[in-house]
Amino acid sequence: MSTINDFSGYQPTWCPGCGNWAIGVAVKTALVQLGFDPSSVTAVFGIGCSGNANDFLNCYGFHALHGRAIPAAIGIKIANHKMPVLVLSGDGDSYGEGGNHFLHACRGNHDLTVIIHDNCVYGLTTGQAAPTAKKGYVSKSTPNGIIENPVNPLALALTQGATFVSQAFAGDTPQLIDIIKKAVRHKGFSLVNVLQPCISFNKINTYGYYKEHTYKLDNDYKRDDYRQALEKASELNEEKFPLGVIYEVDRPDFTGELPQLDGEVLTEKKRFTGFDLLIKEFI
Ligand code: SF4
């Protein structure tokens, strides 16, 4: 059985008190409790403070270009669809630069666990407003307040076809671990939107703010009720943040719909040698 130390890479460089620490611990703990070891799971990282976890998490890893963590993860999943693939990315990375990839991954129900470090800012570049920042949010890139309405991550995932949509708070590590484990077990696109205070550059969405504005879903909450899930997602407009699994249903995932991948994984299939002959013609 693996331990947290097995999954530990370099010592994180995150600011002391940053919500990323809790996410880092939660991911490692969830992987241990699920029975994985570093050679049985892949994590793909975006750019930003969250993406720096590429150095801090020891398992198969790929550090993608800005906004391109999800398509890289899709490629990895298609190459080896039996390997669990996680994406660790920020709200700027996956709802901003990579927003297009995010919505198409939801549509395809790609079997990925997408963990978003949602801190409303671009922390690594010192605090410019990111897509989930509230309208009017003042930052060095928006000195008069951001004009656009914020992206609603839960509603976006729900309306584009994600089959597992959840929200957690970096100030509640036990629940975060539990949700990550459920998300990894789910077959299909799983979103874990983690409310993650950036203590250095976001003085609005603090631990205190989220303690006041979050609440846990009731035990009898029905996860397969799409309309109810949309209602929960729309509570963002009232600055209310439900915590838990908002929505979960079964639907065939992308690789499950590909007859070519029925059986052995692509990486174990015999290589098509005709390709070598074709290549020879050009060298
Ligand atoms: Fe965390 Fe913000 Fe520091 Fe980045 S800049 S490590 S998000 S506190």
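**Aromatic pairs and the ligand shell**

Modeller: In this predicted model, one aromatic cluster is formed by F169, Y207, Y209, Y210 and F241.

Biologist: How are the rings of Y209 and Y210 arranged, and are the two residues buried or exposed?

Modeller: Both Y209 and Y210 are buried.

Biologist: How many aromatic pairs are there?

Modeller: The count is 10 aromatic pairs. One of them joins W14 and F56, whose ring centres are 4.9 Å apart with planes at 85°, so the pair is edge-to-face. W14 belongs to the segment before α1, and F56 to the loop between β1 (42-45) and β2 (60-63), so this pair ties together parts that are 42 residues apart in sequence. F56 counts as buried because its relative accessibility, 7%, is under 20%. As for Y209 and Y210, their ring centres are 5.2 Å apart and the planes stand at 80°, so that pair is edge-to-face.

Biologist: Which residues are around the ligand?

Modeller: They are W14, C15, C18, N20, C49, N119, G123, Q196, C198, I199, S200 and F201. By class, this shell has seven nonpolar, five polar and no charged residues.

Biologist: What does N20 touch?

Modeller: Leaving aside residues up to four places away in sequence, N20 touches W14, C49, S50, H117 and Q196. N20 lies in helix α1 (residues 20-33) and is buried, with a relative accessible area of 1%.

Biologist: Turning to α6, which residue caps its N-terminal end?

Modeller: D172 does, with a side-chain oxygen 3.2 Å from the backbone nitrogen of Q175. Q175 is among the buried residues of α6.

Conventions:
Residues are numbered from 1 along each chain as its sequence is written. This is a predicted model: local features need pLDDT of at least 70, side-chain atom pairs count only at pLDDT 80 or more; totals for chains, interfaces and linings use all residues. Side-chain values use heavy atoms; hydrogens and water are left out. Buried means under 20% relative accessible area, exposed over 50%, partly exposed in between (1.4 Å probe, protein chains only). Helices (H or I, at least four residues) and strands (E, at least two) are DSSP runs, numbered from the N terminus. A polar contact is a pair of N or O atoms within 3.5 Å; within protein, one must be able to donate a hydrogen and the other to accept it, and residues adjacent in sequence count only if both atoms are side-chain atoms. Contact means heavy atoms within 4.5 Å. A residue is near a molecule or strand if one of its heavy atoms lies within 4 Å of it. Ala, Val, Leu, Ile, Met, Phe, Trp, Tyr, Cys and Pro count as nonpolar, Asp, Glu, Lys and Arg as charged, and the others, Gly among them, as polar. Rings of Phe, Tyr and Trp (its six-membered ring) pair if their centres lie within 6.5 Å; planes under 30 degrees apart count as stacked, over 60 as edge-to-face and the rest as tilted.
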